[in-house]
Each structure stands twice: as C-alpha cells, then as structure tokens.
Amino acid sequence: MSDIPSELKYTKTHEWVRDEGDGVVTVGITDHAQELLGDLVFVELPEVGAEINAGDECAVVESVKAASDVYCPLSGEVVAVNEVLTDAPETINSDAYEAGWMFRLKLVDEGEIDSLLDADAYAEHCESEEH
Amino acid sequence: MLIHEQSRSGRRAFAQAPKDRPGLEDIPAEFLRERPPALPEVSEMQAVRHYTRLSQKNFSIDTQFYPLGSCTMKYNPRACNTLAMLPGILGRHPLAPESHSQGFMACLFELQEMLKEVTGMHDVSLVPAAGAQGEFTGVAMIRAYHDSRGDSERTEIIVPDAAHGTNPATAVMCGYKVREIPTLGNGDVDLDALREAVGPQTAGIMLTNPSTVGVFERNIAEIARIVHEAGGLLYYDGANLNAILGKCRPGDMGFDVIHMNLHKTFSTPHGGGGPGAGPVGVSERLKPFLPVPMVAQDGYGDYYWLTEKERPQTIGKLMAFAGNAGVLLRAWVYARMLGREGMIRVAEYATLNANYMAARLREAGFQLAYPERRATHEFIVTLRRQAKELKVNAMDFAKRLLDYGYHAPTTYFPLLVPECFLIEPTETEAKEALDGFIEAMRAIQKEAESEPDTVRSAPHTLPVRRLDDVRAARELDLKWSGA
C-alpha cells in the first residue's frame, strides 16, 4: 500500500494539500498517483500570480505511460511553484510529499479545506478504485 | 551503425562507373548547386546491405504475429501493392485532365461508393491523408454545420474516457472545449453522466464503437437520441471498424460523421510512418461540408472532380490533390477482392480470433478486464495481480514476448485499466499463431513465478536490450551530429 500521511488532506483526483497556516496551502500529487503514473519525465507548473478555481486543471504531469492533468484542489492565487521539478520531475517519484511539492496557494476561502478528504477517506477511495 | 557513418567522400552508387556523368553540362550553371547535399556517400551495395540489415532487426507483420490492440495490424495482400503500382496508374500526373484519368477516377469513385455502403453514410470524401486528419476534418465539419445555422454558442465536445486518445486532441485542435464523461464498470458509457453533460453548449460527441476497452457500446441508440435531442452531432472514430465491418453500420447507429483508417480496416500498409488515408463519411446534413476534390459521375458515365464550384459550403482542401492516391488504390483493390461477403467474414473472424484468445488466456489463468462481456475484435488482459504479487509488470511481459518472437500487444492503454495488454489478433492470423502466442504467455507466467529476473530484464535475444525509455524521454536527442 502506498504512503498516505495522516496530517494531510486529499482529493479524489489524487492531489494532496498541506495547511501551512495564514490561509496558505501546499499542493502536490500523492504517492499513489506517482506510483500509477510511473517514472515522471515532465512537469508543467502553473504561473505564480495565477488565480485558479477549485477543480480547474492547473498543472500537467507526464510519465512514459501517460500525461495527466493536475486539478486545483481549492480556489486561490498561486504564490510559489517548485522550480526544482522542471529539471528534476523524478523528485515527485522519490518524495511526493516533501521535496516533490508542486505549488502553493493563497486561499480565497480557508473554510474550503474542510471539504477535502482526510487520510482514511482517501485510502478508502483508492481501495474502491482498485476494484 | 548509421548510414551516415559509412559515408566516404566521393563514393557513389557504382564504384567502377566513370565519374563524369553525361547530360549534366546541359543544366544552366545558375541551377546547379554549389555544394553537394548532406547525404551519406555510399555505394548501392552498402545502401542495400544497410537497409536489409535494418529490416531484419525490425518486427513487422511480414515476419511476426503483431497483435497490437487498437491498431489492426493485419496482413497486406501483395496483390494490392502490385495493382496499385501498374505503370499506367503510377505514371499519372495529378494535374492530368479528367479525360486522361478516367480509369483512376473510376477506382476512387467506386471506393467512395463501397465505403458509403459498408458504413451506411450518405457521402464520402477520400481526401484526408491520415486518421488524425480525418478526425480533424470530421470535427471541422461539425463546426461548419453549426456555424452555417448561426448556432455558434456550441463550444463543447463530449468525449468518453474510453475513447481513442486522439479524440480530445482533435476537439481542442478545432477550438472546442473537451468534456469527459466516465465509462461504467461494464465498459458502456455512463448514460446518466451523458444526460447531465449535454446542453445548448454541446457541439457533438466523439465515440469509438466498439470502444477502446474492446466491447460494443450497447446503448448507442440511446446515446444518439440524447445527443441529437440536445442539438449535438455524433462523431464515429473508425479505429475499431474492423470488428463490425459488413455486420452493422455507423450510419444506422445514428452517427453523423465517421472517419475510416484505410491503413487499418482496408489493409493498406501501416506502421511505417505513412502515408495513410483517413476518408470521412457523413450523414445527409453534413454533405455540403465535405472536403474537395471528390469524384462524381455524370449522366454519360464519365467521371469528373467535384470542387469548390459544385460544393460551395465545403470546408475546403486539405492537401494539394485528392488524398494519398496510392493508398486509396490499394484499399480499392482490397475491397474489390473481398466483396460484400468477404467484408462480413473480416468482422466475423476478427471477432472469433479475439474471443478464442480471450477464452484460452482466461483458461491459462490470466485476468480479463471485462470477463462478463463478449470481446469484439480486441480484448484487455490486466496483469495487475502479477505486478502486485510477483513484481513482474505488463512492460516486463511485453518485453519478454519479443524474445519468444511475438510483437507485444499494446501496453498501458487504455489508461482505465491498470497494467493492461490490449490484444488484437485480426482476422488474418491462423489458429496456430494464436496458440503459439498463448503458449508464450503461459511460459512467461511460469518464468515470472520461478525466475522473475529473466522476465524483468528481457529482452535477451534482440539486437538491443531493455531501452531506458525514461532517460530517452527526459533527454530527448534525435539529431545525428557527426562522428
């Protein structure tokens, strides 16, 4: 079973969200997602300053098997992106939750975080997708 | 070794032939090039050996079973090649007048008529040069149709997630927004999701039937009703036409436009990077928009070109002339050889072969992705269990199959099914070939259990070992830059 840290929040489309306080969150794709995709060869990140609505496509991850959209888990403004991924997309494969983070959002509405899945609910969701 | 690396300055086709070539002095000096072209300088014999060796390293339909799902790698009868190369046809200039081209135009006209009949569409244009251009043409006609009615608020094309991968790309190329709808666990389109997705913004839906998961869409009539009621049109991706050829027709299912991959279903050469052919067929309402030129027949039985003059609403020309003539001629020969009865047998044997393989592989312990459904011309095996329990994945099986002398099936597509093989035997394979492949799969399964490293590190018998596709993608370098 892949790694699902209990302190993070998740989406059904396999993004994770870490609450950094002050209405800022960090976003990436889960260990389960990188496992399904296989070795990543390309990552396209959103632009700093972009305002994105929850559910919108905001980034692309590409492996030798497939290209996949990353959906913005919450509405907000992009305040930072992880430039390391441009040259080293494999960082997501090796460390999806720390070094492999993708971007940071300044949220429009902090309350939205509560609508995301917790670790147990996400684990259950992954399980149900298996069958 | 690249042929460029064999190059020696001044070496030419015949080493012993005199160096001075007569005739060149007649060419005015201003038309002569100052520097020779950057081509390898080798003898004819070197060139022949080089390309013969390359072809021997290759896996091809002429040498191996090639069950590449979704690609219909069937045998290309030699007769098609021979007849399309008749000197009278080969030497015809594309600008030759109609009066000098009646034989050639008769073939194209008959091909248009045969494709109309077998797909149930009202008119066919042979122009698109490949499947992708056929798709582009189809969606461009959907746009032209809505625009001609002043119905320009339609901005979305619906694409089920089991559709062919090119469909969303085509919709975007034509300026539409893609709306994806899910596929149910049984392989059919989710009708509730479709009902929710359609509306005044719907320009159309792109469907592959049978779908990419290798099953026939059972609710196609209902899907057509829902989309038509919303004012949208139905696009049929002809990728899997082989399964239903002569048995049922996209036109009767309610489709408004279809592209056909002649290089798949009509057995023209395939997989060499082209040229291809992707004719489009349409329902009555899309007829005016078909790309020109097309061939028509007048009251005296003479053939003539239909151009912008006769078809003022056409989306226009897609290439300089009327499609890839050589490919179209091969398809015409193929269709004439088969006839109506033969086309039905294509679908029956393609389907029988796929279902036979599916049943035998299941017996051998492999897991089918849709075990409760009858396969069409192709089916999906999932190696999820092997990947999990034995740490031997679909790619390892695929590479090991090469050692056994089989081209691997399509791997990791469709994306809906993890660790999958999409297997399409086609109608042209004998039972012995199918049995051989099944035996190879059994043998690899045994190896995966007893000596998994052999499978993980395959292939072992080919000119190159396992290629590092990750590095190739990350550090793409296709340019030869000299020794």
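In which crossing, left-handed or right-handed, does α11(B) pass α14(B)?

1. Basis. The model is predicted, so local features need pLDDT of at least 70 and side-chain atom pairs count only at pLDDT 80 or more, while totals for chains, interfaces and linings use all residues. Residues are numbered from 1 along each chain as its sequence is written, and chains are lettered from A and ligands numbered from 1 in the order in which they are written.

2. α11 and α14 of chain B. Helix α11 (residues 325-363) packs against helix α14 (residues 431-450) with axes 10 Å apart and at an angle of about 25 degrees. That makes the pair roughly parallel (angles under 35 degrees; over 145 is roughly antiparallel, 65 to 115 roughly perpendicular and the rest oblique). The crossing is right-handed: the near helix is turned clockwise from the far one by less than a right angle, anticlockwise being left-handed. Axes are lines fitted to C-alpha atoms, for helices over the stretch in contact, with angles from 0 to 180 degrees between N-to-C directions. Helices (H or I, at least four residues) and strands (E, at least two) are DSSP runs, numbered from the N terminus.

3. Their contact. B:Asn353, B:Tyr356, B:Met357, B:Arg360 and B:Leu361 of α11(B) meet B:Leu434, B:Ile438 and B:Met441 of α14(B); contact requires C-beta atoms, placed from the backbone, within 7 Å. By class there are 6 nonpolar, 1 polar and 1 charged residues. Nonpolar covers Ala, Val, Leu, Ile, Met, Phe, Trp, Tyr, Cys and Pro, charged covers Asp, Glu, Lys and Arg, and the others, Gly among them, are polar.

4. α4 and α11 of chain B. The axes of α4(B) (residues 102-119) and α11(B) come within 10 Å and cross at roughly 45 degrees, which makes α4(B) oblique to α11(B). The crossing here is left-handed. On the α4(B) side the residues are B:Cys107, B:Leu108, B:Glu110, B:Leu111, B:Met114 and B:Val118, which meet B:Leu328, B:Leu329, B:Ala331, B:Trp332, B:Ala335 and B:Met343 of α11(B). This contact divides into 11 nonpolar, no polar and 1 charged residues.

5. α5 of chain B. The 18 residues of this helix (residues 131-148) should span 26 Å, and the end C-alpha atoms are 25 Å apart, which agrees; the expected span is 1.5 Å times one less than the number of residues. Of the 18 residues, 13 are buried, so α5(B) is largely enclosed by the rest of the structure. Buried means 20 or more other C-beta atoms within 10 Å of the residue's own, exposed 12 or fewer, and partly exposed in between, with C-beta atoms placed from the backbone. Just after α5(B), B:Gly150 has a positive phi of about 70 degrees.

6. α5 and α6 of chain B. The axes of α5(B) and α6(B) (residues 166-173) come within 9 Å and cross at roughly 50 degrees; the two are therefore oblique to each other. Their crossing is right-handed. B:Ala132, B:Glu135, B:Phe136 and B:Val139 in α5(B) meet B:Thr166, B:Thr170, B:Ala171 and B:Met173 in α6(B).

7. Chain A. Of the 12 residues of α4(A) (residues 119-130), the number buried is 1, so this helix lies largely in the open. Between the chains, 5 residues of chain A are in contact with 6 residues of chain B. The chain A side of that contact has 3 nonpolar, no polar and 2 charged residues.

8. A loop residue. B:Leu415 sits in the loop between β12 (410-411) and β13 (420-423) of chain B. B:Leu415 is partly exposed, with 17 other C-beta atoms within 10 Å. Its C-alpha atom is separated by 8.4 Å from that of B:Ala162, 253 residues apart along the chain.

Technical notes: Two residues are in contact if their C-beta atoms, placed from the backbone, lie within 7 Å.
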